[in-house]
Amino acid sequence: MSTSSQNPLNPQAAKEVKPAPKRSLTPRRRAREYALQGVYQSLVMRRAGSIPNGASIAKQLAEDPAFRRCQLDLFQGIFDGVLARTDELEAIITPALDRPINELSPVEHAALLIGAYELAIDLSVPYKVAINEAVELAKTFGGTDGHKYVNGVLDLLAQKLRTAETQAGYTPPN
């Protein structure tokens, strides 16, 4: 016996909508997503004139049940590293921008900080991975074309910060 969902010639079958596929999040991607959320929260607090408390933000993020499935050391490295070096990272990013940094959306700003951190500080991350991960964060959480902007800025930074790597087109193994 055939049901409408099994018969492609049945007009009812065409009306059925399949749910969007679930995103498969690796522990590393999940760690970067939580780091983005924490950096975002810190930026929003700074823009509102408050002093962000990184430990408090991290504690709040850790309350999410899915947090336990992230790679904790990667989350802490990125989150703590970006918060500790925000001014330094912004100084690295600013020359590559076409607008004042405070005019960036907080999502793009956070993705750029994370990408710049991995390009400038965590040299164990291949430059292509650093750019791709920041672009994916901007795609997932940002505005329509924000990821394109993040990609362009980080590509410029990679050429400056990872000259030998970008000129060789070389991506070192993880």
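Biologist: In which helix is Glu 118 found?
Modeller: This is a predicted model, where local features need pLDDT of at least 70, side-chain atom pairs count only at pLDDT 80 or more, and totals for chains, interfaces and linings use all residues. Residues are numbered from 1 along each chain as its sequence is written, and side-chain values use heavy atoms, with hydrogens and water left out. Helices are DSSP runs (H or I, at least four residues), numbered from the N terminus. Glu 118 is found in helix α6.

Biologist: Is Glu 118 buried or exposed?
Modeller: Buried means under 20% relative accessible area, exposed over 50%, partly exposed in between (1.4 Å probe, protein chains only). Glu 118 has a relative accessible area of 0%, so Glu 118 is buried.

Biologist: How do the axes of α2 and α4 run, roughly parallel or roughly perpendicular?
Modeller: Axes are lines fitted to C-alpha atoms, for helices over the stretch in contact (heavy atoms within 4.5 Å). Angles run from 0 to 180 degrees between N-to-C directions; under 35 degrees counts as roughly parallel, 65 to 115 as roughly perpendicular. The axes of α2 (residues 27-47) and α4 (residues 72-84) come within 8 Å and cross at roughly 25°. The two helices are therefore roughly parallel.

Biologist: Which residues of α5 are exposed on the face turned away from its buried side?
Modeller: Helix α5 (residues 86-93) has buried residues Thr 86, Leu 89, Glu 90, Ile 92 and Ile 93. They cover an arc of only 155° around the axis (directions from the helix axis to the C-beta atoms), which puts them on the same side of α5. The face turned away carries Asp 87 and Ala 91.

Note on methods. Parallel < 35°, antiparallel > 145°, perpendicular 65-115°, else oblique.
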